[in-house]
Structure formats: structure tokens, C-alpha cells
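User: I am new to this structure. Please take me through some of its contacts and strands.

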Amino acid sequence: MSYTKRFDGRGFEELRPMSAKVGIIPRADGSAMFKTGKTTALAAVYGPRDLHPKFMQNPETGILRIFYNMMPFSGHGERVRPGGGRRSKEISMVIQNAILPVLDLKDYPNAVVDVFVELPQTDAGTRCAAITAAAMALADAGLEMKDLVCAVAAGRVEDKIVIDLNYYEDSHEDGADLPVAVLPNSGKVTLLQMDGDMTKEQIKECITKAKEACKKIYEVQKAALKERFVKR
Amino acid sequence: MQKESKAHLLRALAKNVRYDGRKALEYRPVTVEYGISESAEGSARVRIGGTEVMAGVKLETNTPYPDTPDQGNLMVNAELMALSNPAFEPGPPGEQATEIARVVDRAVRESKSIDVHKLVIKPGEKVWAVNIDICTINDEGGLQDAACLAALAALKNTRLPKLNENDDVDYDAEKTKEGLPLSKQPVEVTVIKVGEHFFVDALSEEEKSIEARLTVAVTEKGTVCALQKGGALPLSVEDIDKMIDIAQKLAPTLRKAL
């Protein structure tokens, strides 16, 4: 089978329309919104702050905790039961690993930086949108960062490699989905997952194209951060 | 610290001035935005000053409860999300979240604002389940009133999804143009008492000094369809009389934002 035209009419390497805003949650120490198509992620940073229970504290460095969550009405289909499950636990963990390399929390021993990511509406690509929003929120919180983090899913639908899959592409039976997080300045990959099946060549093509797409996401992040900075 | 802040609040209220310059019986600016989540069958965002709350409605088909075979199911849940306040923690709903959800539930249910008898697809077998979830985005006080308004706005925004041949929801199809059978618009006004003073729409700092509060759900006819007293101090019958008066007077200003 040949996938000749994308379900939503985009070019194969074309991202969905994006928007971003920094400083959306005044109570938080840093916050950001990132939207790609119908997937919206809100991120709020609290900290560095005291970490309880005490046994979790690390006297060598502050720690980073990510809480990824889909709001109960944000799913395609039935209500998502609140409280999180195995899926959100795993996604939170991989996001943590995707972001930690750009932070240096050595100056905050025993403390924690909490990042809460909530999704009010979803159309696939939620972990990538969460990473992109969380990185902007951390920058907004004024934490020292070596780089930003941008993320997008690449994948295969039938015979084509596509970027930024929507729900119908993501759930296509003949396809694969490969989310990638990239540090835009160093080009290093900090998150890599895949489901579906692809050849090694296709995987390499996905990563290369995802990295290219991340450059555009990086521009959106920078513009949103600049706007926040100028307004102040 | 708390004592000083309360003394300060009392002095300010004696002059009918609030921390942010408002009068005692004045709300912060109220705005309602509809359709903020395309994943939900209905959704809305309510802002009261800096406080922001989202509500979404998910519709499912379900079997009716055995004791109400001729009625649809209604559920209200509230999440005090950890992203909205440094004091909130992730985890199952605590006392405050549960109270907010239950008090909104009573306003919607007891006002008969939704005609649950019209939510029946096949009597005794299949009915609509209306799930309302309220999520806090930024908490600067006054969550109860914002939550109720958001829930109502999300219900107004709801469009029924299509059903397939088994009378289950076809989430892939476009929603229909049909809304929920809504007849009333109950809004909640929480009136707070500190010392001899009454005020509404408390900021987070003011909430710390609350002695007693009364949430009053008021329909557009001015009738009261739910009450909830909170706070540690008792209220006199005269107090309650005054507080209901205040709520009835201010409810239209909230409803106007819808």
C-alpha cells in the first residue's frame, strides 16, 4: 500500500501549526504552553523547593521530577480516569531523562524541581509536546540550562516516513511511531522510543528528519521566550 | 503571621477595601471561554481575576443505575492540579477537591438543570453518562465559584456525539449539533464571614483568614438549589439570611459572563 496523501493534507515532513506561550500560570515559578495541531501541553515548574519525604533527598544535587498527565476529558474516546497509570508513569520517567541532561542542579542539594505537565486536548504526540513545553517552563523559571529540549515524533505510515503524526496516523495499523527529543544546539538525542516496525534505514531516516523538524520547534520556543522577556 | 494578616484584613474590610482595591461585595473580572478542548464533547475556561479553571464534559453511553432505570448518569469530579498552586500535590482528590466537586454536583443535580430523563437512549438498558471534570490551572482563590461556573459553561458547550448501530458512541464521527437538555443555570456564590464583615470572591491570602463561609447555588429565578457551610466558626440565623441575600444579589453578575 502507498500512503499518497496525509489524512490532514500536510506535506510528509510538515509539522502541524504550532503556537507557544511562556508565563501562562502566574502561581508557578515558570510555566509554558505548547500547542501543535490539536495537542496542547501546559507545563508548570515549582522549585527548587524542599523535598519530602526526606529519604528522597540527595545531598549531592537537587533532583528533577516530571509529572505527565492527560486531563480526564483530553482523550480521543472515553474519559481518561484520573490518577494516572502505568502509561503516564513511564512517560514521566522518559521525559525526566530527556530533560535532565540540560540541567545542573548541583547548587540545590536536597531540593527538588517539580515539573507538572497537563494536557487539556490531545491528538497524538503528547509526550513530545510535553517535553517542548516543559523545557520552556524551566527556562522561564530562570534555571540554568545548557540547552533547550525540543521533541517531535517521526514515523512510518505504509510506505512513507512522516513527521508529527496525528491520532489517525499514530493508530494506523501499517505503521510505526518514533518519538525523538533533541538538544537543538548539540544535536544530541535524549529521548528515543518506537513502536511498530521499521527497517534500520527507515529508523535512521526518521531520526534525521525529526532532528530537522526540531529546528523549527526550537524557533517557536525561542520566539515565545523572547516575547515573555520583552514584556517584562 | 496569620494573626497579623487577619487583623489587616479586618481593618481593610472596616473601610470596605480589599487587598486588591475591590469592595467587599465585588467580584474580580469574570470571563468565560468556550470550546477550549476539542477532545471533549464540551469544554470551557473560566477566569475570575487571576484564578483559572477548565472544565470538560465527556459523554459515554452506559447502563443506568438499577434504582434509576429511566435516568441518565451524571458525575462531577474536581482535580486540584499540582500545576495550579505550590501547595497542591499530585495524587487522589483530597478534602478540598472532593468538597468542590460535590457542591458543584449538588447545584447541577438539584436545580434539575439537566433533564436526566431525557438522557435515556433505551429505557433500562442504555443511557447517556455525563462526566464533568473540573481542573484548576491557576489558583489565586475563589475556586468553588469558578468551578461551578466552568462546569455550567462546559455543559452549555456540549454537543452530543453520534451513536453507532449498537448505540455506542462513535468518537471518530463528527459531533451532532444537538446539545444537552439544559433548562436552568445555577451559579454558586460563596459568601465569607470574618469578624462582623461579609465579602465574596476571596483571594488566596484572604482565604487563610476565613472564619465561616456559605456557598449558595442560585438559579436564574433567584431560588436556592444548594448550600454548603464551611469554616470553623458558627453562623447565626441572621448571618445566614444576610449571606443568602448577598448571593442572590450577586449571582446575576456571574451568570452574565456565560
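Analyst: Two residues are in contact if their C-beta atoms, placed from the backbone, lie within 7 Å. This is a predicted model, in which local features need pLDDT of at least 70, side-chain atom pairs count only at pLDDT 80 or more, and totals for chains, interfaces and linings use all residues. Residues are numbered from 1 along each chain as its sequence is written, and chains are lettered from A and ligands numbered from 1 in the order in which they are written.

User: How many residues of chain B are in contact with chain A?

Analyst: On the side of chain A, 25 residues take part in the contact. Strands (DSSP runs of E, at least two residues) β3 (51-62), β4 (73-79) and β6 (126-138) of chain B each supply at least two residues of the side that touches chain A. The number of chain B residues in contact with chain A is 30.

User: Which strand of chain B pairs with β11(B) over 7 bridges?

Analyst: Two strands pair if DSSP finds at least two bridges between them. With β12(B), residues 224-230, β11(B) pairs in the antiparallel sense over 6 bridges. The antiparallel partner over 7 bridges is β9(B), residues 187-194.

User: Which residue of β12(B) is the bridge partner of B:Val216?

Analyst: The hairpin of β11(B) and β12(B) has 5 residues between the strands, and there B:Gly222 takes a positive phi near 90°. In β12(B), the bridge partner of B:Val216 is B:Leu227.

Conventions: Helices (H or I, at least four residues) and strands (E, at least two) are DSSP runs, numbered from the N terminus.
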